[in-house]
Amino acid sequence: VYQFDFPVKKHGGYQHRVAIRDTATGRVGSASEFIEVPDLGKKRLSLSGIVLRGTPWAQWEALVAGKIKEAELTEDVERDTALRRFSTGTVLRYGAAVYGANRAKNIRGGLSARMRIFREGQLHFEGQPFVVEIGPGGEAEAAGAISLGKDMPPGEYVLQIVVQSAEGGDKRSASQFVQFDIVE
């Protein structure tokens with residue numbers, strides 16, 4: 001896994017390309033991705049990219065029960081975060097930062113989020129709406145978890161998060177998606 005920060009001066013769409021050469025073997029690899037940088041100065045909601053993490057079921061149960069802490073989880077960061085490949089029977093954890101949430105504090109009902117999973121272009125699962133908590137500084141995150149059960153066969157999937165004002169005349173919304181694979 002290789003990580004670096006790349007400053008962007010203006011909002012808008014970018015095609016980001018990377019090529020890396022392994023100095024030990026001389027092998028070269030490349031990747032590209034379309035990135036949408038939101039205009040955070042506007043009075044609208046925006047979401048960051050979605051981060052995915054896989055947690056073995058037994059560890060998830062221990063974490064929820066308070067028997068272990070987040071730092072004690074054993075996760076395969078290369079497979080999970082970089083390649084977005086998760087095994088059947090694990091818990092898929094997802095999250096995205098919500099920008100512009102501080103403007104939604106005054107909206108009656110605040111913000112809600114919903115997660116959807118698509119397979120082969122069809123809606124496979126839709127989660128129940130949940131409240132997005134807005135912190136004192138306006139920071140917010142749309143996050144949750146779902147068990148990757150036997151009803152989700154190996155293959156390619158897309159996870160989408162939609163955040164919107166819960167109610168009232170000021171309907172604001174933002175959405176983001178990420179592709180991932182389920183493997184045996």
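# Chat notes on a predicted model

Of the 184 residues in the protein chain, 30% count as buried.

User: What kind of model is this?
Analyst: It is a predicted model.

User: How many helices and strands are there in the protein chain?
Analyst: The protein chain has two helices and 12 strands. From the N terminus, the order is β-β-β-β-α-α-β-β-β-β-β-β-β-β.

User: What share of contacts joins residues at least 24 apart?
Analyst: 64%, taken among contacts between residues at least 6 apart in sequence.

User: And the accessible surface, what does that come to?
Analyst: About 12,000 Å² for the protein chain. Carbon and sulfur atoms hold 50% of that.

User: Switching to rings. How many aromatic pairs does the structure hold?
Analyst: Two. In one, the ring centres of Phe86 and Phe180 are 6.2 Å apart and the planes sit at 70°, so this pair is edge-to-face. Phe86 is in strand E5 (residues 85–87) and Phe180 is in strand E12 (residues 173–183). That pair links distant parts of the chain, 94 residues apart.

User: Are Phe86 and Phe180 buried or exposed?
Analyst: Both Phe86 and Phe180 are buried.

User: Why is the pair of Tyr157 and Phe180 classed the way it is?
Analyst: The planes of Tyr157 and Phe180 are at 20°, with centres 5.6 Å apart, so the pair is stacked. The cut-off for stacked is under 30 degrees. Tyr157 lies in strand E11 (residues 155–165) and Phe180 in strand E12, so the pair ties together parts 23 residues apart in sequence.

User: What are the relative accessible areas of Tyr157 and Phe180?
Analyst: Tyr157 has 1% and is buried. Phe180 has 0% and is buried too.

User: Which residues do the ring pairs link into a cluster?
Analyst: Phe86, Tyr157 and Phe180.

User: Now helix H1. Which residues are buried there?
Analyst: Gln59, Ala62 and Leu63 are buried in H1 (residues 57–64). They cover an arc of only 100° around the axis, which puts them on the same side of H1.

User: What covers the buried residues of H1?
Analyst: The cover includes strand E4 (51–56) and strand E6 (90–99).

User: And which exposed residues are on the face turned away?
Analyst: Ala58 and Val64.

User: What follows H1?
Analyst: Gly66, with a positive phi near 80°.

User: Charges next. How many salt bridges turn up in the whole structure?
Analyst: Two. In one, the side chains of Glu126 and Arg114 meet at 3.5 Å, N to O. Glu126 sits in strand E8 (residues 122–126) and Arg114 in strand E7 (residues 111–119), 12 residues apart.

User: Which salt bridge does Glu126 make with Arg116, and at what distance?
Analyst: A side-chain salt bridge at 2.9 Å, N to O. Arg116 is in strand E7, 10 residues from Glu126 in strand E8. Shared partners join Arg114, Arg116 and Glu126 into one network.

User: How accessible are Glu126, Arg114 and Arg116?
Analyst: Glu126 is partly exposed at 32% relative accessible area. Arg114 is partly exposed at 26%. Arg116 is partly exposed at 24%.

User: Last one. Which residues make the nonpolar surface patch?
Analyst: Phe4, Phe6, Val8, Tyr14 and Ile35 make a patch of about 440 Å².

User: Where is Val8, and why is it called partly exposed?
Analyst: Val8 is in the segment before strand E1 (12–21). Its relative accessibility is 39%, so Val8 counts as partly exposed. Partly exposed lies between the cut-offs for buried, under 20%, and exposed, over 50%.

Notes. Residues are numbered from 1 along each chain as its sequence is written. Side-chain values use heavy atoms; hydrogens and water are left out. Patches are made of residues with over 30% relative accessible area and no salt bridge: like charges are joined within 9 Å, nonpolar side chains (Val, Leu, Ile, Met, Phe, Trp, Tyr) within 5 Å. Accessible areas come from the Shrake-Rupley method with a 1.4 Å probe; for residues, only the protein chains shown count as cover. A salt bridge is a side-chain nitrogen of Lys or Arg within 4 Å of a carboxyl oxygen of Asp or Glu. Helices (H or I, at least four residues) and strands (E, at least two) are DSSP runs, numbered from the N terminus. Buried means under 20% relative accessible area, exposed over 50%, partly exposed in between (1.4 Å probe, protein chains only). Rings of Phe, Tyr and Trp (its six-membered ring) pair if their centres lie within 6.5 Å; planes under 30 degrees apart count as stacked, over 60 as edge-to-face and the rest as tilted. The arc is that of the directions from the helix axis to the C-beta atoms. Contact means heavy atoms within 4.5 Å.
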